[in-house]
Amino acid sequence: MIDMVNIYLYGKKYEVPASATILIAMEYAGYRLVRGCGCRAGFCGACATIYRIEGDRELKVGLACSTKVEDKMYIATLPFFPHIKQLYDIRTTRPADQIMMQLYPEIYSCIGCNACTKACPQELDVMQYIAYAQRGDYTKCAKASFDCIMCGICASRCPAGISHPQVAILARRLYGKYLAPNADHLDDRLKEMEDGGLEAMVEQLMNRPIEEIRELYNTRDIEDENIADSEIND
Amino acid sequence: MYTPEMLASIQKVEATRQVRMATEPDRMSAEEKDALLNAYHPDFKTECFTEIKVGPNKGDKAPTELAALLHGHSRIRHAYINLKNIDYDVDVLVIGGGGAGASAAIEAHNAGANVLIVTKLRLGDANSMMSQGGIQAADKENDSPAQHYLDAFGGGHYAAQPDLLRKLVLDGPGAIKWLSDLGVMFDKESDGRMQTTHGGGTSRMRMHAAADYSGAEIMRTLRDEVFNLRIPVVDYTAAVELILDTDGKAAGAVLMNMETNEYLVARAKTVILSTGGAGRLHYQGFPTSNHYGATADGLIMAYRVGVQLVYPDSFQYHPTGAAYPQQIFGDLVTEKVRSIGAILANVDGEAFMHPLETRDVSSAAIIRECISRGKGVSTPTGFAIWLDTPVIEMLHGEGTILRRIPAMYRMFIKYGIDMRRVPILIYPTLHYQNGGLKINVDGSTSVENLYVAGEAVGGIHGRNRLMGNSLLDIIVFGRIAGQSAADKYPSVSVGKLALTHVEDYEHALNDADVEKQTISPMLLPSYARRQEYDRRRL
């Protein structure tokens with residue numbers, strides 16, 4: 001027999017396998033999920049969940065798809081959270097100091113409680129990346145927030161009403177578009193393509209007899225595997 | 001966390017590590033690959049396929065699970081749909097909220113169209129969000145679109161539709177530029193050069209990435225842009241049938257609110273289907289790396305209006321699905337883990353193949369190693385092969401795993417497995433639909449005013465897709481579909497709406513004596529209660 005535990009889904013008791021994640025346990029209990037279920041693998045942020053173990057004061061949070069059930073776990077899902085998402089035009093919004101003050105002034109009301117960081121299922125230093133945003137260091141904010149899956153748990157715990165994931169994606173887009181060093185080889189390639197020579201090469205290849213293409217494929221040279229030990233510039 | 005048997009096997013993996021690191025295994029010859037695929041690739045298990053009985057692919061084979069849906073009843077067979085009661089009326093209706101749909105919507109909107117996105121879950125709930133490893137594009141000096149074409153055409157067994165593949169490789173660099181301009185954070189050197197690696201079957205290092213959140217980074221940026229452009233998104237609303245007008249042109253869709261089950265009517269001058277793949281059909285009982293909503297809905301709806309399927313019998317089993325622990329069985333372990341150095345090893349620690357063969361060949365070789373050679377590691381769900389990940393940091397230094405594949409580290413450490421110190425267990429998982437709906441190079445189909453983009457399309461990649469070419473295809477063909485629909489809608493005047501094709505299809509099934517066992521499209525898989533699949537995952 002498999003090990004079983006008792007959990008409480010929205011207060012109602014169910015017996016489920018001890019090895020199950022919260023998501024699998026809900027389905028085991030008979031739920032056919034529409035809300036609160038997405039990629040089922042920790043990438044989409046659909047399954048934010050709040051829980052408390054009986055007798056424990058601490059309120060815990062996690063993703064239902066990748067948090068194992070525990071005995072006497074009281075579970076409520078958070079499939080939607082009303083974020084503040086400001087609209088902006090990325091073509092004209094520059095990474096200037098005052099942009100956060102204009103779009104997300106509430107970040108300057110952060111009281112430093114660190115509840116956001118404690119809540120993050122990705123274990124990001126959320127309060128720190130908000131601090132970077134406050135001082136206009138969008139590069140650091142972008143990098144520190146990069147692994148954010150926008151589940152919104154941080155925002156649900158914030159006494160200052162900050163929508164951290166929305167602040168972070170603004171910083172990342174500003175970094176990606178304006179602050180990251182330019183890929184000159186990409187621009188060169190696009191310019192090179194204008195004269196049509198590279199297109200002609202593709203067409204020449206396409207129009208060869210299939211046996212010739214097969215031969216070319218099977219004998220093509222493969223660039224040396226050993227990738228350069230490159231560092232992302234921190 | 002590992003069983004005693006697994007720990008004993010790890011000792012063998014550790015004992016052979018230095019030798020394996022010093023020797024690159026040979027790649028297989030074309031003949032060896034063909035023989036291997038024939039014997040071990042799931043696409044060649046003929047008993048798992050069923051003949052399609054009606055429609056443009058009558059006589060062709062599809063997986064039994066997909067054929068059942070193609071032979072299913074319409075959801076609206078007994079429903080009363082008032083086609084005069086129009087709930088939404090737009091120039092461009094985009095069905096599906098993944099990367100292809102979002103790209104299409106952005107381009108159509110920017111060209112001046114009145115666009116509506118409907119999606120059965122949320123915008124961004126899609127395989128696009130889960131793509132980890134990267135996106136290919138020939139933008140380095142030693143590379144060219146022709147070289148990219150050769151890799152993809154050969155890797156796809158010379159079965160790609162040449163005009164589509166030509167477009168894919170030629171638009172690759174432009175797609176990277178478009179994404180960069182939207183603010184996507186690609187991995188770069190300090191001088192701005194893109195960090196690029198190999199994928200299975202590539203001859204040049206052209207895999208661009210954003211750590212191992214490549215798809216998530218692209219998808220969340222596209223989603224943010226859709227919101228910024230104020231493109232309306234109706235979420236938790238599935239399309240359940242396409243609507244034609246009395247001239248037989250696409251003219252909208254019947255929608256269903258997933259929470260209230262209410263039916264709604266959307267009228268549109270042009271329709272873009274970007275509904276994605278089918279991993280949640282669990283062909284041959286395989287686990288899947290796919291999103292919860294990957295149930296082939298678009299294939300079913302478009303087939304009923306007469307769009308042909310290309311290669312409905314061709315699927316991709318990703319060689320490295322997580323095989324242990326059971327909680328993550330079938331979840332994706334990105335190919336990038338091998339791109340940056342991890343080696344495949346069997347129960348005795350032997351490197352039985354080159355780690356970067358194409359995906360179909362790698363999967364077949366792993367299945368052979370476990371099933372036929374008895375060299376797999378025993379797990380609660382079957383057998384598995386080691387992916388020797390500590391090699392990565394021995395090659396490239398401490399910190400490489402956290403920096404380049406943080407999602408993978410996170411996925412395993414949650415269950416007490418530190419992939420920097422110990423190898424991880426993998427087995428093939430159902431990953432991608434190589435086949436799909438037939439399109440022209442402008443995204444149009446045989447049904448006027450109907451466009452398709454993304455994984456729902458067949459023929460771009462032939463019978464096997466290379467890593468990094470699907471993130472590229474959703475951007476390239478998503479944008480093209482959006483632009484084409486925007487070019488087309490001003491000249492369209494929609495006639496009287498009709499659903500007669502749904503009845504006609506039902507009659508055709510009756511005439512062919514097909515036993516209809518289900519209704520379709522499926523919309524979501526049913527994992528409720530103690531089903532076999534769930535037990536295996538537990």
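1. Let's start in chain B with the pair S16(B), strand S16 (residues 377-379), and S17(B): they run antiparallel and are joined by 3 bridges. A hairpin of 2 residues leads from S16(B) to S17(B), and Val377(B) sits opposite Ala384(B) in S17(B). Helices (H or I, at least four residues) and strands (E, at least two) are DSSP runs, numbered from the N terminus; two strands pair if DSSP finds at least two bridges between them.

2. Before going further, a word on provenance. This is a predicted model, in which local features need pLDDT of at least 70 and side-chain atom pairs count only at pLDDT 80 or more, while totals for chains, interfaces and linings use all residues. Residues are numbered from 1 along each chain as its sequence is written, with chains lettered from A and ligands numbered from 1 in the order in which they are written.

3. Strand S15 (residues 343-345) of chain B pairs with S17(B) in the antiparallel sense over 3 bridges, with Ile343(B) opposite Asp388(B). S18(B) also pairs antiparallel with S17(B) over 3 bridges; there, Leu387(B) has Ile424(B) as its bridge partner. Is strand S17 (residues 382-388) of chain B enclosed or open? It is largely enclosed by the rest of the structure, because 5 of its 7 residues are buried (20 or more other C-beta atoms within 10 Å of the residue's own; exposed means 12 or fewer, partly exposed in between; C-beta atoms are placed from the backbone).

4. S7(B) and S8(B) (residues 207-208) pair over 2 bridges, and Thr197(B) has Met207(B) as its bridge partner.

5. Helix H16 (residues 469-488) of chain B checks out: at 1.5 Å a residue its 20 residues should span 28 Å, and the end C-alpha atoms are 28 Å apart, which agrees. The expected span is 1.5 Å times one less than the number of residues. H16(B) is mostly covered, with 17 of its 20 residues buried.

6. Now the domains, whose bounds come from an automatic or database domain assignment. Chain B splits into domain 1 (4-40 + 316-430) and domain 2 (88-314 + 439-497). Their contact takes 26 residues from domain 1 of chain B and 26 residues from domain 2 of chain B, contact meaning C-beta atoms, placed from the backbone, within 7 Å. On the domain 1 side, S14(B) gives the largest share, 4 residues. The centres of the two domains, taken over C-alpha atoms, are 30 Å apart.

7. Finally, chain B as a whole has 18 helices and 22 strands. Its radius of gyration (over C-alpha atoms) is 23 Å, close to the 24 Å that the globule rule gives for 538 residues, so it is as compact as a globular protein of that length; the rule is 2.2 Å times the number of residues to the power 0.38.

Note on methods
Two residues are in contact if their C-beta atoms, placed from the backbone, lie within 7 Å.
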